[in-house]
Amino acid sequence: MADAGRAGVGVTNPSPVLELAHVSKSFVGVRALQDVDFRLRPGQVHALVGENGAGKSTLIKVATGVYHPDAGEIRLDGSPVHFASPLAAQEAGISTIYQEINLVPLMSVARNLYLNREPRRFGLIDAARMRRDARRVLREYGVNVNVARPLRELGLGAQQMVAIARAVQIDARVVIMDEPTSSLEHREVETLFGVIERLRHQGIAILYVSHRLDELFRICDAVTVMRDGRVVHTGAMRDLDRLHLVSLMLGRDIAEVRRHGTTDFGSAHHIGDRPVLRAENLSSRRVLQDVSLEVRPGEVVGLGGLLGAGRSETAKAVVGALHTEAGRIEVDGAQVRRNSTAAAIRAGAVLLPEDRKSEGIVPNLSVRENIVLAALPRISRAGLVTRAKQDEIVDYFMKRLRIKASSPEQKVGELSGGNQQKVLLARWLCLNPKVLLLDEPTRGIDVGAKAEVQGVIDELAKDGLGVVLISSELEELIEGSNRVVVLKDGRKVGELTGDQVSEDALMQSLAQAPGGTPRTDG
């Protein structure tokens, strides 16, 4: 990788290709951006970091025509520009990859890749050529799929690679990447970094948003830190260490960050003897094969495995969101009817899904409405729900989870990704569940919010809640779990307990072929 701090390729200090000068933006009385200056240079990978709600997403949307600034101006190659829409920004050479995949799920993979720029022959779309070119392009990104299939049939990781490929294929001078690795496994991340390196050497400017600090220090030349809608630092990445960067993001001095930089996530506490969740021999055609799982009160059981191993599918099967042909599920000793989400919720098993956009939040409803949505049947009397009871629940969880919103009436779709995740967590916690299944609970959440969510998970386990934790970050999975059930190709291939719960042991377990011998095919 290139040396951190390099401003561009072959040029000492090239003029900015994209610049925001004294930009401000407000929403419903909340100042999202305050007098922001930002410069992105050709051939530069520039990190944009900050806690959720710091203003990163708003800055990106202002730069790409989604929002119009209240004050200040945007400059492209030194000239003021006004983007009436995201399409106008794209036509000017600014391509954006959002954390929440914004493609068309019902269209084919090929159509998504070439949407609005389909190859034509005699005035008609040349479907054969489009599919052929799509296969060739996607192979460069390690994606080998039937490009004629609807995009929605692909996993999140593959969909994200399609979105990345589409953004890069457009003749872009600026590529904005918002949490591009959040759905990717290790192999796909390495492929993406190779793409970023090629773009850098082509002189394309990259704005890179990620909460994964290792990624930032590996690939980024410069960094801009935002806090509360303001830029608090801009400089070379090589001039900061991790502690200084986190200190700037959180607005705390280094001594305080060092003192509170660790969390009690996964700390020891009492674990009950009798399982609160017992799932036996869950099988779903081509997805799960005889997967069994037990969770005791106060225990955090991690599900380990690579993308496609069956982690999310196991969680969905437990709560009835994935059809199973066989198996048995018990919650607190009582059998639960399979393939019924309502039965699972009534029994006390709830799932925080990985894809909060399509499976979780209702973006046009308020924070209050999203939180109490699942609890309405329980808090209603004769079909009526008092506003006072709703406000009591909402106020409690907004304070406990530190949800940042202008008020409980703000639309949840206007919140940052991390705060949306907290709203979803609050929705299920207000049901007082017995088993909480968390699928990537800290995906897309900043350093401070991640520690808060992890702390809440640990508190819930200490209070006797059974927790199933799915995380693609091995460190989070290992540090947060009392046991780890290892899955591969929809099967349970191992279980780590006690001192076995380590990254080395998990990696070794994942490297085993189904028969128990190490893989030799790389």
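**Figure 1. Salt bridges across the model.** A search of the whole structure finds 26 salt bridges, a salt bridge being a side-chain nitrogen of Lys or Arg within 4 Å of a carboxyl oxygen of Asp or Glu. The model is a predicted one, in which local features need pLDDT of at least 70 and side-chain atom pairs count only at pLDDT 80 or more, whereas totals for chains, interfaces and linings use all residues. Residues are numbered from 1 along each chain as its sequence is written, and side-chain values use heavy atoms, with hydrogens and water left out. Side chains of opposite charge can pair when their charged atoms come close. One network of salt bridges links R278, E280, E294, R328 and E330.

**Figure 2. The salt bridges E73 to R75 and R212 to E215****.** In the pair of E73 and R75, the closest N and O atoms are 2.6 Å apart. Residues are called buried under 20% relative accessible area, exposed over 50% and partly exposed in between (1.4 Å probe, protein chains only). E73 is partly exposed at 30%, and R75 is likewise partly exposed, at 24%. For R212 and E215, the closest N and O atoms are 3.8 Å apart. Here R212 is partly exposed, with 22% relative accessibility, whereas E215 is buried at 7%.

**Figure 3. The salt bridge between R483 and E495****.** The closest N and O atoms of this pair lie 2.7 Å apart. The partners, 12 residues apart, link distant parts of the chain: R483 belongs to strand β21 (residues 483–488) and E495 to strand β22 (residues 491–497). Strands (E, at least two residues) and helices (H or I, at least four) are DSSP runs, numbered from the N terminus. R483 is buried, its relative accessibility being 11%, while E495 is partly exposed at 32%.

Figure 4. R135 lies in helix α4 (residues 127–139) and is partly exposed at 35%. D504, located in helix α19, is exposed at 66% relative accessible area.

**Figure 5. Helix α10 and strand β13****.** Helix α10 (residues 311–318) is largely enclosed by the rest of the structure, because six of its eight residues are buried. These are R311, S312, T314, A315, A317 and V318. Just after α10, G320 adopts a positive phi of about 80°. S283, in strand β13 (residues 277–284), is buried at 14%.

**Figure 6. Cysteines C220 and C430****.** C220 is buried, with 1% relative accessibility, and C430 is buried at 13%. The count of disulfides, defined as pairs of cysteine sulfur atoms within 2.5 Å, is zero.
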